Amino acid sequence: ANMESGQAAAAVEALRRATLLEPQRVGFIVQYAKALMAVRRNRDAKEAADRAMARSPTDPATLDMLGVIFTHVGDFASAVPAFRQATTLAPEVASFRYNWATSLIACGDHPAAETELEACIGLNPQHWLAHVTLAQFRRQTPQDNHIERLENLLQQLDETRDPEASTCLNMALAKEHEDLANYPEAYRHLVRGKTANASNRGYSSRRDQELFATIMDSFPTTQAMLGNCPSNEPIFIVGMPRSGTTLVERILSSHPDVQSAGELLNFAMSVKHLSRSRTAALMDTDTVMCTRDADLGQLGEI
């Protein structure tokens with residue numbers, strides 16, 4: 001009830017108490033881990049998920065959820081056995097096979113991932129994300145590609161009625177045609193894929209312009225430090241899209257003392273919490289204006 005009413009902190013506390021009252025109930029621990037994941041407490045979510053796995057759950061849906069939680073916190077090595085067990089117990093569920101495949105890709109086991117993606121599509125040819133993932137995770141060749149199957153599915157599809165399917169199939173075809181150097185066809189499918197679901201994305205360029213104008217008005221100069229959080233744990237990589245931030249991340253994370261955490265929302269969540277803004281969006285003009293006089297030291301502590 002608390003989660004549905006937006007009281008995430010209260011939900012987390014209720015589930016924490018439930019796990020203390022009945023520590024052997026795996027379902028309680030999994031729901032607790034899921035709630036922690038929802039509020040971006042990833043470290044705590046992983047600890048709870050580890051506790052649940054240690055109790056050897058046998059319900060495939062529970063194991064699949066644990067795999068999702070491990071994936072969310074970036075622990076793909078733990079996600080693989082959770083998804084594998086879920087699939088072993090319920091081999092007819094296509095979504096379990098898809099989740100297992102994505103964790104195998106993250107761990108570098110591409111042959112096994114391809115096998116599971118094909119099994120997923122065999123069980124459910126309309127699992128559209130599986131087609132995109134199968135097209136994108138390796139380079140296609142003239143001898144080994146999925147263009148004929150994808151085009152047959154697209155021909156059977158009413159794209160106006162199912163924009164999500166249209167997006168996935170066209171993006172998959174764009175990638176496969178690009179791999180085969182069929183650039184005009186790749187571009188045609190790319191345009192169709194990107195425009196298929198545009199009306200449902202809720203994007204507004206005017207809203208972005210207002211947000212950046214508010215940021216510039218609220219922070220015209222570098223803000224004076226009001227406090228200090230002497231932690232050397234996080235390394236922030238900041239840059240515009242396609243400017244090389246991923247390359248910098250890979251260079252840094254190749255050092256044995258640095259581990260990549262991916263593109264997390266933890267910092268944005270901390271800013272939102274500190275601002276005390278009550279708007280629904282994680283970052284909007286109200287949140288920016290409410291952080292004008294924020295204590296950056298306190299932000300670091302959060």
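**Second largest pocket**

I looked up the second largest pocket in this predicted model and found its lining to consist of Arg207, Asp208, Glu210, Leu211, Phe212, Ala281, Met283, Asp284 and Thr285. I noted a volume of about 190 Å³ for this pocket. I then asked which helix gives the most to the lining of the second largest pocket. Helix α12, residues 205-218, does so, with five residues. By class, I recorded four nonpolar, one polar and four charged residues in the lining of this pocket.

**Largest cavity**

Rolling a probe the size of a water molecule over the atoms shows where empty space is left. I found one cavity of 30 Å³ or more, and the largest cavity holds about 30 Å³ of space. Which residues line the largest cavity? I listed Ile121, His131, Leu134, His146, Arg149, Leu150 and Glu176. Helices α8 (128-136) and α9 (147-155) each contribute at least two residues to this lining.

**Asparagine 170**

My last entry concerns a single residue. I located asparagine 170 in helix α10, which spans residues 163-179. Is asparagine 170 buried or exposed? I recorded asparagine 170 as buried because its relative accessible area is 0%, and buried means under 20%. Leaving aside residues up to four places away in sequence, I found that asparagine 170 touches Leu154, Glu159, His189, Arg192 and Gly193.

Notes
Residues numbered from 1 in each chain as written. Predicted model: local features only at pLDDT ≥ 70, side-chain atom pairs only at ≥ 80, totals over all residues. Heavy atoms only, no water. Helix = DSSP H or I, 4+ residues; strand = E, 2+ residues; numbered from the N terminus. Buried < 20%, exposed > 50% of the residue type's maximum accessible area, 1.4 Å probe, protein only. Contact = heavy atoms within 4.5 Å. 1 Å grid on protein atoms, 1.4 Å probe; cavity = no way out; pocket = protein on both sides within 12 Å on 5 of 7 lines; lining within 4 Å. Points joined across faces, edges and corners; volume = space filled by probe spheres on them. Nonpolar A, V, L, I, M, F, W, Y, C, P; charged D, E, K, R; others polar.
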